[in-house]
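Please work through the exercises below with the sequence and the coordinates open side by side. Each exercise sets a task and is followed by a solution that goes step by step.

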Amino acid sequence: MIMKDNHAPPDGAVCDVVLIAGFLGAGKTTLLRNILRWPGDLSGTAILVNEFGRIGIDGDLLRGFNTPVYELTNGCICCTIQGDFINAISEMLDRFHPRRLFIEATGVADPFEILTFLKSSQIVQRISNPRVVTVLAGDLWEGREYFGPLFYNQIKAAELLLFNKVDLLPKEEVSQSVQEIKKINPSCSVMPTHHCEIDPEVLLRPVVGTDHEPGSHVDHPHSGHGTADEMGYVSFAFEAESPLEADCFYRFIKDLPAGLYRVKGFVLLEDRRFLVNHVGGKTEWVEVDEMGPTKLAFVGWQVNEGHIIEALNVCLKGPQV
């Protein structure tokens with residue numbers, strides 16, 4: 001049970017907002033988990049997570065830190081669930097009176113759309129002008145031309161950009177990539193990171209020596225970004241109580257179509273359970289102690305949901321439902 005913060009700010013105080021943006025699998029949830037592990041005072045901190053699919057995975061990963069976490073699923077806060085987004089922020093402000101609110105946007109959200117909407121909403125007087133922190137996966141940078149204007153808007157909106165997963169790049173490419181990023185957004189600060197590990201003071205303090213204010217870029221041209229559905233993105237989920245046959249599931253992951261950008265969640269393989277994070281053709285496996293059902297969220301572009309679910313059902317052990 002989350003108790004009301006005894007260090008709540010006085011009525012009328014403005015809540016500092018940090019919007020965390022970044023494409024699918026960049027490391028946004030990893031950054032938030034790092035934040036929640038900081039040894040400093042996190043009282044007065046709250047988190048709002050937006051997931052494109054109908055089931056939430058990130059909210060489960062962020063609970064247990066004694067910090068309020070609110071999760072919005074089944075839509076994108078920059079387009080299809082704007083009303084739910086504002087209602088969720090209002091509820092958190094009223095209930096917990098946070099001094100600081102981190103908002104994790106879905107990987108297919110345009111931060112410029114979110115900033116524009118927040119500035120025109122009824123809560124604008126209760127929050128600061130949001131600071132945008134974008135997480136960019138280094139191993140996706142080489143293929144950036146395939147991701148379209150949304151990918152670039154996430155970079156252009158940033159005040160601070162974490163160039164993450166630099167361990168996957170040759171050292172000589174990191175410096176060159178940072179220079180290329182700075183050409184796209186000269187006013188942002190760029191920090192190469194591994195597992196989004198940074199000094200919390202760097203994340204929280206205002207950027208010095210820049211006149212880049214994301215909130216002032218409401219007229220930024222972002223044509224071509226409709227809703228995620230209009231752009232061809234699809235999301236779906238798979239849940240099962242029975243365990244999956246391990247070799248079958250490993251083959252399933254290996255044979256995923258290129259258009260399936262993201263698989264994230266928990267999978268029960270016989271007598272072991274793993275947190276699976278598949279993005280960009282790479283898969284991370286982390287064994288977890290807590291047993292439970294398989295719960296996977298998928299995001300892709302023009303992929304056949306039926307074929308994916310059918311392949312997973314083949315991997316189920318025992319009676320199929």
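The model is predicted, so local features need pLDDT of at least 70 and side-chain atom pairs count only at pLDDT 80 or more, whereas totals for chains, interfaces and linings use all residues. Residues are numbered from 1 along each chain as its sequence is written, and side-chain values use heavy atoms, with hydrogens and water left out.

**Exercise 1. Describe the protein chain as a whole.**

Step 1. Begin with secondary structure: the protein chain has nine helices and 12 strands, where helices (H or I, at least four residues) and strands (E, at least two) are DSSP runs numbered from the N terminus.

Step 2. Turn to burial: of the 321 residues, 55% count as buried, a class that means under 20% relative accessible area, with exposed over 50% and partly exposed in between (1.4 Å probe, protein chains only).

Step 3. Consider the surface: the protein chain exposes about 15,000 Å², of which carbon and sulfur atoms supply 49%; accessible areas come from the Shrake-Rupley method with a 1.4 Å probe, and for residues only the protein chains shown count as cover.

Step 4. Finish with contacts (heavy atoms within 4.5 Å): among those between residues at least 6 apart in sequence, 75% join residues at least 24 apart.

**Exercise 2. Is Asn-164 buried or exposed, and which residues does Asn-164 touch?**

Step 1. Asn-164 is placed in strand β6 (residues 160–164).

Step 2. With a relative accessible area of 2%, Asn-164 is buried.

Step 3. Leaving aside residues up to four places away in sequence, the contacts of Asn-164 include Ala-26, Gly-27, Gly-138, Thr-193, His-194, His-195 and Cys-196.

**Exercise 3. Locate the salt bridges and state which parts of the chain they link.**

Step 1. Side chains of opposite charge can pair when their charged atoms come close. With a salt bridge taken as a side-chain nitrogen of Lys or Arg within 4 Å of a carboxyl oxygen of Asp or Glu, the count comes to three.

Step 2. In one of them, Asp-94 and Arg-126 have their closest N and O atoms 2.9 Å apart; Asp-94 lies in helix α3 (residues 82–96) and Arg-126 in the loop between α4 and β5, 32 residues apart.

Step 3. Arg-144 and Glu-180 meet at 3.5 Å, N to O; Arg-144 lies in the loop between β5 and α5 (148–156) and Glu-180 in helix α6 (residues 171–184), so the pair ties together parts that are 36 residues apart in sequence. Arg-144 is buried at 18% relative accessible area, whereas Glu-180, at 22%, is partly exposed.

Step 4. Glu-287 and Arg-272 have their closest N and O atoms 2.8 Å apart, and this pair links strand β11 to strand β10, with the residues 15 apart.

**Exercise 4. Which residues do ring pairs link into a cluster, and how are the pairs with Trp-285 arranged?**

Step 1. Rings of Phe, Tyr and Trp (its six-membered ring) pair if their centres lie within 6.5 Å, and planes under 30 degrees apart count as stacked, over 60 as edge-to-face and the rest as tilted; a search of the whole structure finds eight aromatic pairs.

Step 2. The rings of Phe-249 and Trp-285 have centres 6.0 Å apart and planes at 85°, so this pair is edge-to-face. Phe-249 lies in helix α8 (residues 246–254) and Trp-285 in strand β11 (residues 282–288), so the pair joins parts 36 residues apart in sequence.

Step 3. Phe-249 is buried at 0% relative accessibility, while Trp-285 is partly exposed at 32%.

Step 4. The rings of Phe-274 and Trp-285 also form an edge-to-face pair, because their centres are 6.0 Å apart and their planes stand at 90°.

Step 5. The cluster linked by ring pairs consists of Phe-249, Tyr-250, Phe-252, Phe-274 and Trp-285.
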